[in-house]
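Have the sequence and the coordinates open as we talk.

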Amino acid sequence: MLLTAFSANAQVVYYITGDTGLGLDGWSYSPTTTLTYDESTKLYTYTYELTEAGTYYFVFASNQGYSWDEFNDFWRIGPIDGNETVTLGVQTTTQVAGGDYGAYEVTLKAGTVTITFNAEEEWFKVENEEKESEEETYDTWSVVGASTILNGSTDWNISGTDNDMTTTDGDTYTLTVENCTLETNTTYEYKAAKDHAWATSVPQVGNQSIKVDETAVYTITYTLVVSTSTLTYELTKTGEAGEITHTYNIAGSNETLFGASWDATNTSTDMTLNEETGLYEWTATGVALTAGTVSFKVCQDHGWGTSYGGQNGNYEATISEAGTYNVTITFNASTHEITFTATKQGSEEEKTTITVYVKADAAPYLYAWDSSGTALNGTWPGTRMTGYAGCDDVYYAEIEASAMSIIFNNNGSNQTGDILGLTSEVGKYYYTYDGNGNYTVAEVESADELCAYTTETITVYVKADAAPYLYAWDSDDGTALNGTWSGTQMTGYAGCSNVYYAEIEASAMSIIFNDGNGSQTADITGLTSEVGTYYYYYDGAKTYAVANVESAEDLCADVYTLAGNLTSFFGTSWDATDSEGNNTMEYDSENNRYVWHGTGFITNEQLASSTDDNGIRCKVVKNHVNWIGNDNYIINTDNGLYTGGEYDLYVYYDPETGAVTHEIKQLSIEVNVTALEYGTMYYAKYALQVPDGVTSVFTGTVNDATFEPLQTWNVGDIIPAGTAVVVNAPEGTYHFAIGDTEATATEGSMLFGFDEDATTSYNGSEEVYYYYLSWGNDKDQTPENAGFFWGADNGAAFTSSAHKAYLVAPQSTGVRAIALPGATTGIDELSTVNYELSTAYDLQGRRITKLQKGVNIVNGQKVLVK
């Protein structure tokens with residue numbers, strides 16, 4: 001009871017006091033927090049925004065009333081003798097404090113708390129509206145770079161939001177850009193920036209780039225992992241590209257020369273295509289230049305998204321002395337090579353000739369031409385170079401020109417690509433040439449140094465049905481090392497007819513094998529001159545494999561491996577490369593065939609599978625890349641797989657006929673034991689050794705509705721062939737090794753079996769019932785319920801599964817369930833067959849005229865009536 005009384009004109013005020021975490025005054029003896037009264041509802045309320053979930057305590061108080069516990073000038077309204085737990089949303093009857101003070105206890109979540117108090121009806125309730133969790137915010141990351149590979153039309157737009165990435169966890173961000181038309185031989189640069197600023201980016205230094213092998217329309221998906229500073233992309237081709245045209249102009253540092261400083265939109269530096277040379281050209285005459293460096297880039301389509309310079313990002317040319325110059329800049333749109341020629345007006349050039357030195361096995365031809373395309377040393381293929389007196393493998397040619405381009409060749413064949421930008425200002429140039437179309441710039445300063453110069457080379461050998469093309473590029477800067485795509489066709493190796501090689505001057509490179517007509521392997525990276533020589537197999541299309549050989553002679557010999565479906569036999573499933581090194585077929589010279597030998601396990605489940613992968617399936621692979629034949633070679637129950645277990649397998653391959661054959665020998669038998677912890681087993685032709693983990697194996701007879709073991713085998717013992725047995729073991733799979741030891745079984749066992757599904761039978765003269773191993777009706781599958789039960793009505797013959805045992809018992813036994821040792825099944829499941837009552841007794845030995853409910857003795861046998 002509230003027990004509050006008022007004077008006639010007194011105004012009652014109700015307070016609430018309690019925990020400060022609930023916004024209250026902390027159990028003040030003079031409470032100050034009043035409840036708000038609503039005249040229309042006659043209810044008092046207190047509302048508070050709770051910031052921290054937890055358990056809180058409070059009581060009410062009033063300024064008038066009577067109570068035996070005076071609370072200063074206030075009367076306390078709360079639990080008597082201890083705390084009272086309040087259920088949210090439920091009306092709770094108020095009490096007058098008495099005895100030890102208690103409080104109302106309530107557990108709340110962060111959010112709005114409303115306490116409603118009804119003074120007249122003497123109840124209150126607490127309501128709690130949980131505060132919605134604020135959506136977590138993450139850093140903003142966006143992709144900036146060439147507009148060709150991003151949304152929008154502005155290159156390197158750091159402030160734009162069109163390319164903001166999305167994230168769900170603040171670590172992995174993604175962005176998908178559609179309808180990007182990308183071209184081969186073009187580099188598209190990009191990076192990820194945080195919060196639309198350059199201060200934090202991935203990569204922090206430099207940019208990443210995208211290159212494609214086919215000009216087409218693509219969808220690009222960018223993925224950024226902030227925690228590892230990893231930025232990647234994935235390309236999906238979505239369409240063919242139409243005709244693509246570009247404009248090129250120059251943006252650079254010298255305003256006097258270019259009219260503006262680093263202005264990609266400057267149309268006064270637009271380059272013109274020279275139809276004869278195929279080069280874009282820009283010329284300025286009479287330009288006053290000071291001595292120093294001129295830096296510039298060639299910009300595509302008046303933007304920075306795709307631009308070309310030198311190894312440091314910009315092309316840099318040196319003006320050695322101040323003067324008035326005629327300047328010519330050329331650009332090869334296919335190779336992206338740039339030349340800069342500045343000829344000083346009003347004086348004779350200090351150097352009017354250019355001398356070219358080359359190190360080669362034989363004197364090559366040199367073809368030279370100027371910027372207008374005019375030949376400088378005769379028509380193609382030019383003139384043969386002259387031997388240098390200092391050594392016998394260096395040659396030279398001196399050409400009168402202020403600027404030129406050259407090609408090395410072998411009298412018209414095996415030519416290099418165009419070598420551009422040679423000027424009389426430099427004067428002398430040094431190269432190496434391999435005679436097969438490949439050249440390198442030699443880092444020397446004289447012809448004598450070139451004599452002693454040794455190049456870093458990488459030699460690649462490959463075994464293939466026909467000479468493939470090899471495309472090689474520098475691992476550091478992506479520069480093609482043996483011509484533009486698709487590279488050069490490899491040279492036949494003299495040691496055999498199907499091995500080819502290429503020697504590339506490089507310290508580190510990546511390669512692609514291809515057929516010269518569109519079919520190619522993936523990038524093969526990481527080749528170094530430190531290793532020097534690499535060996536591969538190639539199928540002529542898209543597949544390659546590393547050859548584990550040490551010489552080209554070793555590569556000449558074909559290698560055959562066996563790949564298959566079961567990891568227990570073949571390691572990695574269907575591994576043509578034989579990555580684990582276990583499946584090489586050895587050559588049998590006596591029989592002119594290849595042989596694979598291995599052992600492995602196959603389960604009963606795999607044998608019985610209805611899928612196309614059942615049994616053992618395998619295929620011969622030639623040189624790790626060529627699968628022989630259209631169909632898999634299959635070994636199953638039709639040709640050697642007897643049942644689940646371990647097998648010793650030989651597979652033979654005849655390279656002349658293509659025939660695959662095999663020999664197989666079973667080493668063990670798989671037996672599965674269920675939760676019943678009993679199973680049966682029968683194998684006519686195998687003596688089997690009891691494996692570890694098996695409790696016991698036994699035969700037996702039937703005595704008084706109970707199975708009695710006749711002969712028992714333990715771990716390590718040999719079970720004679722043709723012996724039907726019961727296996728007692730914990731639930732699991734067991735492998736019984738096929739033994740060589742002769743063994744005999746004790747006669748008299750009533751267990752029998754077949755190697756195939758067959759109808760049970762018995763050769764004795766007496767009438768019998770037939771039983772199979774199972775557990776009691778409505779019973780759990782546990783060892784206590786294990787026993788032999790009729791396999792058909794009235795104990796008739798039934799179909800027994802292959803390799804399972806069945807039990808035979810005389811019909812005089814009169815039961816349809818026979819208990820195993822220690823089980824109760826035999827008494828729980830006794831048969832109720834018809835017997836002559838003249839021979840029936842109860843368990844006290846008294847003769848009865850009709851069967852009674854319970855156990856009866858009929859003809860000396862127990863009969864259960866339910």
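Predicted model: local features only at pLDDT ≥ 70, side-chain atom pairs only at ≥ 80, totals over all residues.

Q: How many disulfides does a search of the whole structure find?
A: A disulfide is a covalent bond between the sulfur atoms of two cysteines. The cut-off here is a pair of cysteine sulfur atoms within 2.5 Å. The search turns up 2. One joins C391 to C451, S to S 2.0 Å. C391 sits in the loop between β31 (386-387) and β32 (394-400) and C451 in helix α2 (residues 447-451), so this link ties together parts 60 residues apart in sequence. Helices (H or I, at least four residues) and strands (E, at least two) are DSSP runs, numbered from the N terminus.

Q: And what about C496 and C556?
A: Their sulfur atoms are 2.1 Å apart, in a disulfide. The S-S torsion is about -80°, so the link is left-handed. C496 is in the loop between β40 (491-492) and β41 (499-505), and C556 is in helix α3 (residues 552-556), 60 residues away. Number the bonded cysteines in sequence order and the pairing reads 1-2, 3-4.

Q: Is C496 buried or exposed?
A: Buried means under 20% relative accessible area, exposed over 50%, partly exposed in between (1.4 Å probe, protein chains only). C496 has 17% relative accessibility, so it counts as buried.

Q: How many salt bridges does the structure hold?
A: Side chains of opposite charge can pair when their charged atoms come close. The test is a side-chain nitrogen of Lys or Arg within 4 Å of a carboxyl oxygen of Asp or Glu. The structure holds 11. Among them, K237 and E240 meet at 2.8 Å, N to O, and a network links E214, K237 and E240. K237 is partly exposed at 36%, whereas E240 is exposed at 58%.

Q: Which strands form the open sheet, and in what order?
A: Two strands pair if DSSP finds at least two bridges between them. Here the order is β30-β29-β33-β34, with antiparallel pairing. The edge strands, β30 (383-384) and β34 (419-423), each pair on one side only. Between β33 (residues 403-409) and β34 there are 3 bridges, and M404 has L422 of β34 as its bridge partner.

Key: Residues numbered from 1 in each chain as written. Heavy atoms only, no water.
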